[in-house]
Amino acid sequence: MQTVTIPRSLFAFSLLYGGLCVLAGVMGVKLASLGSWPLLGDLAVESGIFAFLFLVIISSAVAELFGQDRANQLVRYGFVPLIVSMVMLTVVIRLVPPAPFWGDQEAFAKLLGQGVRMQFAGLISYGTSQTLNVYLFSRIAGGQGKALVLRAWIASILSQIVDTILFITISFYGQDMPLGQIMEGQIISKLVLSTIMVPPLIVVFVKLGRWLDRA
């Protein structure tokens, strides 16, 4: 029987990626302040973006180390923990009765319960933006081995714009909400975070991956 050997970096990154897929949804219930910026004003963003940017970084690092096809495979596998966590949270909130002495059911449901529409929006925006990120990262400036930081930065910015437009449009279209204003604030905040986090961390993860595979 043939033995399949998985590179250490791919194994480690895949585990981390799956966990962060779930964590991004859980963290997203908190709005975080990014402070006040000159010309931009006060910025706020859902906390899930911190985990989501790590998804962007990890998928880009996998594309750099193992190619676009492997990174796309990682993105597709990410749907598994996302869907499983959504189903389990829905079951626990709606079908499993709370213990009679536990009084936090309402708060638990409010924080972690999402409607079907928002769950659908999350799946669509995740799959589209992550696939776009891998595609752009693999094609800009000639692809693997060239302009690593520039490719990661541009791909993350463009994919975050698409993610925000899709998620907010699908989640809130038709409701009495200022969608353009919400999108503008979210996009600006995500661009700031992408600029701060992605360039240094893509270098760290690519170097870490190569070190793990040499160890």
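Predicted model: local features only at pLDDT ≥ 70, side-chain atom pairs only at ≥ 80, totals over all residues.

Biologist: By class, what does the lining of the second largest pocket have?

Modeller: Eight nonpolar, three polar and one charged residues. Here Ala, Val, Leu, Ile, Met, Phe, Trp, Tyr, Cys and Pro count as nonpolar, Asp, Glu, Lys and Arg as charged, and the others, Gly among them, as polar. Residues are numbered from 1 along each chain as its sequence is written, and side-chain values use heavy atoms, with hydrogens and water left out.

Biologist: Which residues lie nearest the centre of that second largest pocket?

Modeller: Ile-6, Leu-10, Ser-14, Arg-70 and Gln-73, out of twelve lining residues. A pocket here is an open set of points on a 1 Å grid over the protein atoms alone, where a 1.4 Å probe fits, with protein on both sides within 12 Å along at least five of seven lines; lining residues have an atom within 4 Å of a point.

Biologist: And how much space lies in the second largest pocket?

Modeller: About 270 Å³. That volume is the space filled by probe spheres set on the grid points, which are joined across faces, edges and corners.

Biologist: Which helix gives the largest share of the lining?

Modeller: Helix 3, with four residues. Helix 1 (8-27) and helix 3 (68-77) each supply at least two residues of the lining. Helices (H or I, at least four residues) and strands (E, at least two) are DSSP runs, numbered from the N terminus.

Biologist: Zooming out, how many helices and strands are there in the chain?

Modeller: Eight helices and two strands. Reading from the N terminus, the order is α-β-β-α-α-α-α-α-α-α.

Biologist: What percentage of the 215 residues count as buried?

Modeller: 40% of them, where buried means under 20% relative accessible area, exposed over 50%, and partly exposed in between (1.4 Å probe, protein chains only). The chain exposes about 11,900 Å², with carbon and sulfur atoms supplying 68% of it. Those areas come from the Shrake-Rupley method with a 1.4 Å probe, and for residues only the protein chains shown count as cover.

Biologist: Of the contacts between residues at least 6 apart in sequence, what share join residues at least 24 apart?

Modeller: 72%, with contact meaning heavy atoms within 4.5 Å.

Biologist: Let's go local. Is Ser-194 buried or exposed?

Modeller: Ser-194 counts as buried because its relative accessibility is 0%. It is found in helix 8. Leaving aside neighbours within four places in sequence, Ser-194 is in contact with Leu-53, Trp-153, Ser-156, Ile-157, Gln-160 and Pro-199.

Biologist: Ser-156 is on that list. What does Ser-156 touch?

Modeller: Not counting residues up to four places away in sequence, Ser-156 touches Val-56, Asn-133, Ser-194 and Val-198. Ser-156 lies in helix 7 and is buried, with a relative accessible area of 0%.

Biologist: Which loop does Ala-147 lie in?

Modeller: The loop between helix 6 (116-139) and helix 7 (148-172). Ala-147 has a positive phi of about 45 degrees although it is not a glycine. Ala-147 is partly exposed, with a relative accessible area of 38%.

Biologist: And Gly-143, buried or exposed?

Modeller: Buried, with a relative accessible area of 2%. Gly-143 also sits in the loop between helix 6 and helix 7, and touches Phe-137, Ser-138 and Arg-151, not counting residues up to four places away in sequence. The C-alpha atoms of Gly-143 and Gln-68, 75 residues apart along the chain, are separated by 9.4 Å.
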